[in-house]
Amino acid sequence: NGDAPVTVIGLGAMGAAMAEAFLKDGRPTTVWNRTAAKADPLVDKGAQRASTPAEALAAGELVVISQLDYPAMYDTFAGAEAALDGKVLVNLSSGTPQELREAAGWAAGHGARLVTGGIMVPPPGIGTPDSYVFYSGPEPALDTHRKTLETLGAVTYVGADPGLAMLYYQAMLMMFWSTLTSYFHAVALVGSAGATAEDLRPFAARLYGQLTGDGPMGFLPILTREIDAREYPGEQNSLHMQAVGAAHVVEAFRDAGLHTGMPGALRDLFAQADAAGHGAEGLTSVIEVIRDPQA
Ligand code: NDP
């Protein structure tokens, strides 16, 4: 279906980049946005302007949605629900997994199939080799439009539960935000004594490189095996020792007059796992507290 039509609803930074990618691939592209003027540059590049959401739905089976959130989709199609019948809605907006599951039921109630998705690149990354998108929901609907959707990035299907795409997306965001924010904290800490970010960067790069490697410092593969085996050896570096160290980190931030929220959250998590009896195990044992915070 290399030249199958596609509709893009929502022309913010992301939706506009997606519409542009479809146009660049030569696909017949219909666009609609609440603030109509945002369609102008795309119309100049060959997009069809839909004057209403119902008109946008009528342009073809595949409707890609990129809006602020899921309520925006309900606002958009309010009064145009009859036009949803037979459509494949691919919503790549942010939401909670539960919102996505409810939206799948809403779409089915109007005769449409909802494929949910989470885009793993910023707008300039759309259509580049680094781009990939998590999808969940009805796989046959995704397969029908796979070729068109590959224009945006690699199609990565994670399962039938409509909430799964957002679960994966949010899991990735959790790692992305916490890793980068911890780097900001680290820079601020050495910065409190006059060091620059550039002074710290080589050590940060070394750590991040080591984390994913296969060597003795390749923490990601090692900890993954521990988690799946539910065995957290701590003879060489016990959680208790690290809980004490984490409290020192918080004090270092406080002494330097810096924000202590994030280091404090780590200290509290480690202390809770220590108090729950994991002190002689390794750091990975904190997953037990993350999974069962009341235990
Ligand atoms: P923008 O803020 O640039 O655009 C938001 C879009 O949502 C606009 O088209 C806006 O319309 C529309 N919108 C908001 N509320 C409503 C409503 N009630 N009814 C109709 N339309 C509405 O956001 P982005 O384009 O950056 O992001 C879009 C989605 O993509 C978000 O869910 C975001 O989480 C996700 N995403 C974004 C990434 C990024 O780096 N930008 C990366 C990965 C995912 P209007 O123009 O009229 O205001």
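A56 is found in helix α3, which covers residues 53–58. Here helices are DSSP runs of H or I with at least four residues, strands are DSSP runs of E with at least two, and both are numbered from the N terminus. The model is a predicted one, in which local features need pLDDT of at least 70 and side-chain atom pairs count only at pLDDT 80 or more, while totals for chains, interfaces and linings use all residues. Residues are numbered from 1 along each chain as its sequence is written.

Is A56 buried or exposed? With 24 C-beta neighbours inside 10 Å, A56 counts as buried. The scale works like this: a residue is buried if 20 or more other C-beta atoms lie within 10 Å of its own, exposed if 12 or fewer, and partly exposed in between, with C-beta atoms placed from the backbone. Leaving aside residues up to four places away in sequence, A56 touches T7, I9, T30, W32 and A50. Two residues are in contact if their C-beta atoms, placed from the backbone, lie within 7 Å. A56 and I9 are 47 residues apart along the chain, and their C-alpha atoms are separated by 7.7 Å.

## Into the sheet

I9 belongs to strand β1 (residues 6–9), which is covered on both faces: V6 and V8 on one side and T7 and I9 on the other are all buried. β1 pairs with strand β2 (residues 29–32) in the parallel sense, over four bridges. Strands pair if DSSP finds at least two bridges between them.

Stepping back, eight strands form an open sheet with mixed pairing, in the order β3-β2-β1-β4-β5-β6-β7-β8. β3 (48–49) and β8 (154–159) stand at the edges with a single partner strand each, so one side of each is left without a neighbour in the sheet.

Strand β7 (residues 132–136) pairs with β8 in the parallel sense over five bridges. Partners in β8 include T156 for F134 and V155 for V133. β7 is mostly covered, with four of its five residues buried.

Helix α5 (residues 97–109) touches β5 (88–91) and β6 (113–119), and its direction makes about 150° with that of β6. Helix α8 (residues 164–191) touches β6, β7 and β8, and its direction makes about 5° with that of β6. These angles run from 0 to 180 degrees between N-to-C directions, with axes fitted as lines to C-alpha atoms, for helices over the stretch in contact.

## Around the ligand

Which residues come nearest to the ligand? Of the 22 residues around the ligand, they are G12, M14, R34, T35 and S94. A residue counts as near a molecule if its C-beta atom, placed from the backbone, lies within 6 Å of it. α1 (13–24) and α4 (70–77) each supply at least two residues of this shell.

By class, the shell has eight nonpolar, ten polar and four charged residues. Ala, Val, Leu, Ile, Met, Phe, Trp, Tyr, Cys and Pro count as nonpolar, Asp, Glu, Lys and Arg as charged, and the others, Gly among them, as polar.

## Two exposed loop residues

R230 sits in the loop between α10 (219–229) and α11 (239–255). R230 counts as exposed because it has 10 C-beta neighbours inside 10 Å. Most residues other than glycine have a negative phi. R230 has a positive phi of about 50°, although it is not a glycine.

G257 lies in the loop between α11 and α12 (261–278). G257 is exposed too, with 9 other C-beta atoms within 10 Å. G257 and L100 are 157 residues apart along the chain, and their C-alpha atoms are separated by 42 Å.

## The whole chain

The protein chain has 13 helices and eight strands. An automatic or database domain assignment sets the domain bounds, dividing the chain into domain 1 (6–167) and domain 2 (174–291). The C-alpha centres of the two domains lie 38 Å apart. The C-alpha atoms of the chain fill a box of roughly 65 × 40 × 35 Å, taken along the principal axes.

Of the 295 residues in the chain, 34% are buried. Among contacts between residues at least 6 apart in sequence, 59% join residues at least 24 apart.
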